[in-house]
Amino acid sequence: SKVLELVTPQYSAHWKQIGLQLGLPSGSLEAIEVAFPTNPNWCCERMLQKWLEGDVNATWKQLSTITESINPGGVPMSNLVQSAVNHLQAEYEATRYVTSEDDWPPDQPKHFTSVTLIHHKTKLSKQDLENSATISRQGLKSFIKSSNENDTLFTQTCKPTKDIADIFKPMGSSEIIPETILIEGAPGIGKTVLCKEIAYQWATKQILNNKLILFLMLLRNPGVQKLKSLSEMVQYCCQNEKASESLVQHLYTTQGSDLVVLLDGYDEIGESVKQHSVIANIINRKVLPKRSLVISSRPSVTAQLHNNVDCRVEILGFTNSDRQHFIQESLKSTPEKVPLLQDYLNEHSVIS
């Protein structure tokens, strides 16, 4: 009872930050959050029990000092957190492409490939449901009615775009900004390239300017598949122990509200990773429930995700006009080779 009187509901919302400052391991805090994902008061009480049981030098004065230092109105960003963010931005900006020559790759336009938004959560009136023409006038090519779930309806849409920023915007009459996005595409069509481009455009402040942190996780990497906790994931991305600790604390405090996680290659992980890993906890919102998430995958394994995403995106790849433009830009220094390559591709349709 004394604990609940001292740590008011105002501070229970910051129970993870308090726990870290009290010296509890981040893994223990994650286990508490998984056990009580929707009740910060219970999480706070369990955290304090662990602290009192494990620290023989625990004092009420120590706890009071920590709670009084917390500012419920906002979380200041430490220099170490900014250092971690700077590292991520530099890494994603530098690894946009793999280059082999000084003049490669060619200077391609920002909108380098086509995608189609094929599914989106939206809020619609009964009149909209009865009159699909309203939807058509908003530029959506098709509309399928579906069940009402907490005043949020699911529309089946087909809206082509070449602007990556459109993926993160409300579509049509929707006011919902997608927080969980699924990118689907055939093998080799460019899912990883698109994820890297999203990371690059975030790092260069072209998109997602409201998000402080972005993690790009290539799931085919065995090291990524072995990550079990948020602290391990942050350390893997930042490669700086001190900055990682500060960033973990920041993420717990904000619940991931300023974080975007890109998970590339969902089809390349096994069931154990999908069920028992930090990747699974992030997808299911057991950790960082306010995060934004982008998942890329071949469509053959994504059926289980469809009901949990706000937007589905299909990669269409290069159109014929895109291919012609790419060839012209790539061979700008030797334009006489352009028709030769185009003729060769026309004769070998399997390649093109």
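Contact here means heavy atoms within 4.5 Å. In this predicted model, residues of helix α7 and helix α13 meet in that sense: Leu-80, Val-81 and Ala-84 in α7 touch Lys-242, Ala-243, Ser-246, Leu-247 and His-250 in α13.

**Helix α13: extent and ends**
- Helix α13 comprises 14 residues, 241-254.
- From its first C-alpha to its last, α13 reaches 20 Å, close to the 20 Å expected at 1.5 Å a residue.
- The N-terminal end of α13 is capped by Asn-240, which places a side-chain oxygen 2.9 Å from the backbone nitrogen of Ala-243.
- Just after α13, Gln-255 adopts a positive phi of about 60 degrees.

**Helix α13: burial and surroundings**
- Because 10 of its 14 residues are buried, α13 is largely enclosed by the rest of the structure.
- The buried residues are Ala-243, Ser-244, Ser-246, Leu-247, Val-248, His-250, Leu-251, Tyr-252, Thr-253 and Thr-254.
- The helices against which these buried residues pack are α3 (15-21), α4 (26-35), α7 (79-94) and α12 (230-238).
- The buried residues of α13 also pack against the strands β4 (213-218) and β5 (259-264).

**Packing of α7 against α13**
- Two packed helices are described by the angle between their axes and the distance between the axes.
- For α7 and α13, the angle is about 105 degrees and the axes lie 8 Å apart.
- An angle of 65 to 115 degrees counts as roughly perpendicular, and α7 is therefore roughly perpendicular to α13.
- By class, the contact of α7 with α13 involves five nonpolar, two polar and one charged residues.
- Ala-243, Ser-246, Leu-247 and His-250 of α13 take part in the contact with α7 and are among the buried residues of α13.

**Cys-195 in helix α10**
- Cys-195 is located in helix α10, residues 191-203.
- Leaving aside residues up to four places away in sequence, Cys-195 touches Leu-216, Leu-262, Asp-264 and Ser-296.
- Although Cys-195 and Leu-216 are 21 residues apart along the chain, their C-alpha atoms are separated by 7.6 Å.

**Glu-184 in strand β3**
- Glu-184 belongs to strand β3, residues 180-184.
- The side chain of Glu-184 makes a polar contact of 3.3 Å with the side chain of His-306.

Definitions and conventions. Residues numbered from 1 in each chain as written. Predicted model: local features only at pLDDT ≥ 70, side-chain atom pairs only at ≥ 80, totals over all residues. Heavy atoms only, no water. Helix = DSSP H or I, 4+ residues; strand = E, 2+ residues; numbered from the N terminus. Expected span 1.5 Å × (residues − 1). Buried < 20%, exposed > 50% of the residue type's maximum accessible area, 1.4 Å probe, protein only. Polar contact = N/O pair within 3.5 Å; in protein donor to acceptor, adjacent residues only side chain to side chain. Axes fitted to C-alpha atoms, helices over the stretch in contact; angles between N-to-C directions. Parallel < 35°, antiparallel > 145°, perpendicular 65-115°, else oblique. Nonpolar A, V, L, I, M, F, W, Y, C, P; charged D, E, K, R; others polar.
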